[in-house]
Each structure stands twice: as C-alpha cells, then as structure tokens.
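Open the structure in your viewer and keep the selection tool at hand. The tour below goes from stop to stop, saying what to select and what is there.

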Amino acid sequence: MTVSGKGSPQNVRTSVSDTDEFLHHHTELPTTRVSQVMDRVIAAIGKGASWLWVVLTGVIIWAVVGRYAFDHGSVTLEEVQWHLAGVGWLLGLSYTLVVDDHVRVDVLHERLSLKGQGWIELFGLVFLLLPFLGLAVYEMIPYAFSSWQQGETSQAPAGLPYRWALKGILALSFVLLILAALSRLLKVTALLFGFPKPIRIETGNNKKEDAS
C-alpha cells in the first residue's frame with residue numbers, strides 16, 4: 001500500500017480530532033438556578049466519593065502484601081474492598097449524569113441539532129429514566145430498611161457487619177440519580193420552552209447567556 005507524504009500528517013490529525021470530538025461530545029444545555037444548586041451538591045458528593053478509590057487501592061495493596069508476603073489472607077479485607085468499590089461506583093453514577101460524561105450509544109443523537117437532542121433528552125428523562133428510578137427507589141428503600149430491622153450481617157466468617165449500610169447506599173444512589181435527572185430535565189425545558197429561565201454563567205473572564 002502506498003501512502004502519499006503530502007498532507008498525511010494533517011489528515012491524520014483531523015481524523016483523530018474528529019473522532020475525539022465524536023467520543024467526547026456533550027449536549028450543551030443551558031443551566032437554571034435550581035439546577036445549579038442541585039449540580040453542586042451532587043458534584044460535591046461525587047468528588048468526595050472519588051477518594052474512596054484511593055482508599056480502595058491502599059486496601060488492595062495491604063491485602064495482597066498480607067497474603068503473598070506473610071501468608072495471611074483476610075475475609076474482612078476482601079469484603080472491605082468490594083464495599084468500597086460498590087459505594088464509590090454507586091455514588092459516582094449521579095455525578096456522571098450531571099457532567100454528561102456517561103456512555104452514550106446513540107449515533108443519531110450526535111448528528112441532530114441542539115433542540116433535536118433536547119427533545120430526545122426530554123422523552124428519555126420523562127418516559128424512561130425517571131419512571132425507572134422511581135420504581136427503583138420504591139423497591140430499594142424497603143429493601144434497605146428490612147436489612148436494618150433484621151440486623152443483617154455478612155454470612156462469611158469474619159465478614160463485615162451492618163450489611164444494611166451498603167443497601168442503604170444503593171437506595172441513596174437512586175435518590176441522587178433522580179435529583180440529577182430532575183436537574184437535567186430543568187435544563188432541557190429551559191432550552192426548549194424557556195422555563196425555568198436560563199441564567200447567565202461565568203467562565204473565566206467571559207460571560208455567556210445560557211438561552212435557547
């Protein structure tokens with residue numbers, strides 16, 4: 001295969017740039033006052049939960065060194081690992097929705113106008129995501145409460161107590177997802193209908209009006 005030397009690097013750079021833009025596309029929605037407050041709360045929780053991955057890494061190293069260097073395995077450390085991983089992952093779900101960094105598998109969505117994307121967001125939030133999350137919270141809260149009433153613990157020898165705490169985090173993660181979805185819904189309605197009123201946001205030294 002023959003490759004021409006002229007223009008090749010530029011073409012390669014353009015191709016990579018286009019691919020990167022496609023993969024990291026964000027729907028630029030306006031923001032509202034209520035959405036801004038909700039996003040800040042969820043972002044603070046998500047960023048705080050991200051430190052659990054640092055703790056988890058330390059626990060894994062501790063467990064591996066203990067097992068292979070000192071021939072001392074620990075069921076407790078194994079359960080701590082998946083508890084930390086579960087909590088970090090669950091509390092990060094709403095953060096990814098707020099910053100629009102969740103995985104999208106929709107090639108049509110990327111090619112629509114901003115308002116076209118807004119209508120898809122509106123349909124997906126109102127008829128798919130929010131009903132699912134409402135059902136999940138309806139099921140998860142009694143699930144966690146029942147575990148607390150029973151004083152549920154790990155069935156493994158030397159396992160962790162308070163299994164209800166992890167199930168409570170599961171319920172909390174769905175509540176946070178509902179808040180994140182409602183925040184995004186307000187942004188979509190601000191784009192499509194002008195309600196709630198979009199607010200002016202400041203980025204560095206420049207200000208821009210978030211309006212449809």
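**A tour by selection**

Select Phe132, which counts as partly exposed at 49% relative accessibility. Bear in mind throughout that this is a predicted model.

**Stop 1: aromatic rings**

Stay with aromatic side chains for a moment; the structure holds five aromatic pairs. One of them is formed by Trp119 and Phe193, an edge-to-face pair with 5.6 Å from centre to centre and 80° between the planes. Trp119 belongs to helix H4 (residues 114-150) and Phe193 to helix H5, so selecting both shows a link between distant parts of the chain, 74 residues apart. Trp119 is partly exposed, with a relative accessible area of 47%.

Is Phe174 buried or exposed? Phe174 is buried, with a relative accessible area of 16%.

**Stop 2: helices H3 and H5**

Select residues 75-98, which are helix H3, and residues 163-193, which are helix H5. The axes of H3 and H5 come within 7 Å and cross at roughly 10°. An angle under 35 degrees counts as roughly parallel, which means that H3 is roughly parallel to H5.

To see where the two helices meet, show their side chains. On the H3 side, the residues in contact include Trp82, His83, Leu90, Leu91 and Leu97. On the H5 side they include Leu166, Ile169, Leu176, Ala180 and Arg184. Colour the contact by class, and it has 15 nonpolar, three polar and four charged residues.

**Stop 3**

Next, turn to charged side chains. A search of the whole structure finds six salt bridges. Select Glu78 and Arg67 for one of them: their closest N and O atoms are 2.4 Å apart. Glu78 lies in helix H3 and Arg67 in helix H2 (residues 33-69), so this pair ties together parts that are 11 residues apart in sequence. Glu78 counts as partly exposed at 37% relative accessibility, and Arg67 counts as partly exposed at 38%.

**Stop 4: Arg184 and its partners**

Select Arg184 again, this time with Asp100. Their side chains meet in a salt bridge, 3.5 Å from N to O. Asp100 is in the loop between H3 and H4 and Arg184 is in helix H5, 84 residues apart, and the pair links these distant parts of the chain. Both Asp100 and Arg184 are buried.

What joins Arg184 and Glu121? A salt bridge does, with the closest N and O atoms 3.0 Å apart. This pair also links distant parts of the chain, with Arg184 in helix H5 and Glu121 in helix H4, 63 residues apart. Arg184 counts as buried at 5% relative accessibility, and Glu121 is buried with a relative accessible area of 8%.

Conventions: Residues are numbered from 1 along each chain as its sequence is written. This is a predicted model: local features need pLDDT of at least 70, side-chain atom pairs count only at pLDDT 80 or more; totals for chains, interfaces and linings use all residues. Side-chain values use heavy atoms; hydrogens and water are left out. Axes are lines fitted to C-alpha atoms, for helices over the stretch in contact, and angles run from 0 to 180 degrees between N-to-C directions. Helices (H or I, at least four residues) and strands (E, at least two) are DSSP runs, numbered from the N terminus. Angles under 35 degrees count as roughly parallel, over 145 as roughly antiparallel, 65 to 115 as roughly perpendicular and the rest as oblique. Contact means heavy atoms within 4.5 Å. Ala, Val, Leu, Ile, Met, Phe, Trp, Tyr, Cys and Pro count as nonpolar, Asp, Glu, Lys and Arg as charged, and the others, Gly among them, as polar. Rings of Phe, Tyr and Trp (its six-membered ring) pair if their centres lie within 6.5 Å; planes under 30 degrees apart count as stacked, over 60 as edge-to-face and the rest as tilted. Buried means under 20% relative accessible area, exposed over 50%, partly exposed in between (1.4 Å probe, protein chains only). A salt bridge is a side-chain nitrogen of Lys or Arg within 4 Å of a carboxyl oxygen of Asp or Glu.
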